[in-house]
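Please look at the sequence and the structure shown here.

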Amino acid sequence: MRTFLIALPILAMLASPAHATGGWRCRTAAEPMIEITVAFGHTAGSALFAQRLQVDGRDVPVEAPQWWLDDSELRLVLTDPQANERLAVVRAMRKGDAYDGSVIYRGKRRWIRCYES
């Protein structure tokens with residue numbers, strides 16, 4: 001009986017619902033240092049629930065009105081919060097465990113690599 005009471009909380013934790021979420025972190029290698037982080041759900045049609053753009057360590061407020069992720073390609077458009085201006089556009093292709101491609105920021109194209117976070 002005592003063993004059962006000890007095992008009960010552990011079994012209850014294992015039976016809790018899964019929080020099916022994922023995310024990606026993308027970084028450039030050259031100046032300015034651009035880092036893009038996105039988080040999303042793993043259900044059909046789920047939206048991004050967190051997006052972040054940092055340029056040289058400074059947070060830039062963004063929204064992500066368009067994005068695409070599959071086994072071969074990642075695409076992401078980040079706009080200002082009012083969606084009046086495109087701030088960053090990412091397009092990357094899968095290379096092993098990462099996605100390599102480019103980001104267009106302020107009219108200049110830079111190389112970027114994205115990893116699952």
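## Salt bridges

At 34% relative accessibility, R25 counts as partly exposed (buried means under 20% relative accessible area, exposed over 50%, partly exposed in between, with a 1.4 Å probe and protein chains only). The model is predicted, so local features need pLDDT of at least 70 and side-chain atom pairs count only at pLDDT 80 or more, while totals for chains, interfaces and linings use all residues. Residues are numbered from 1 along each chain as its sequence is written, and side-chain values use heavy atoms, with hydrogens and water left out.

R25 and E35 meet through their side chains in a salt bridge, at 3.7 Å from N to O (a side-chain nitrogen of Lys or Arg within 4 Å of a carboxyl oxygen of Asp or Glu). R25 lies in strand β1 and E35 in strand β2, so the pair ties together parts that are ten residues apart in sequence. Strands are DSSP runs of E with at least two residues, numbered from the N terminus. E35 is buried, because its relative accessibility is 15%. E35 also forms a salt bridge with R27, with the closest N and O atoms 2.6 Å apart, and R27 is partly exposed at 39%.

A further salt bridge links R75 and E73 at 2.7 Å, N to O. R75 is partly exposed at 36%, whereas E73 is buried at 12%. Shared partners join R25, R27 and E35 into one network of salt bridges. The structure holds six salt bridges.

## The disulfide

One disulfide is present (a pair of cysteine sulfur atoms within 2.5 Å). C26 and C114 form this disulfide, and their sulfur atoms are 2.1 Å apart. C26 lies in strand β1 (residues 21–28) and C114 in strand β9, so the pair ties together parts 88 residues apart in sequence. C26 is buried at 2% relative accessibility, and C114 is buried at 0%.

Strand β8 (residues 98–105) and strand β9 (residues 108–116) run antiparallel and are joined by seven bridges (two strands pair if DSSP finds at least two bridges between them). I104 has R109 in β9 as its bridge partner. Two residues sit between the strands of this hairpin, and R106 takes a positive phi near 55°.

## Lining of the largest cavity

Which residues line the largest cavity? The lining consists of W24, V38, F40, L48, W67, W68, L69, L74, R75 and L76. Strands β2 (34–41), β5 (63–69) and β6 (73–79) each supply at least two residues of this lining. A cavity is a set of points on a 1 Å grid over the protein atoms alone where a 1.4 Å probe fits but cannot get out, and lining residues have an atom within 4 Å of a point.

Conventions:
Helices (H or I, at least four residues) and strands (E, at least two) are DSSP runs, numbered from the N terminus. On a 1 Å grid over the protein atoms alone, a cavity is a set of points where a 1.4 Å probe fits but cannot get out, and a pocket is an open set with protein on both sides within 12 Å along at least five of seven lines; lining residues have an atom within 4 Å of a point.
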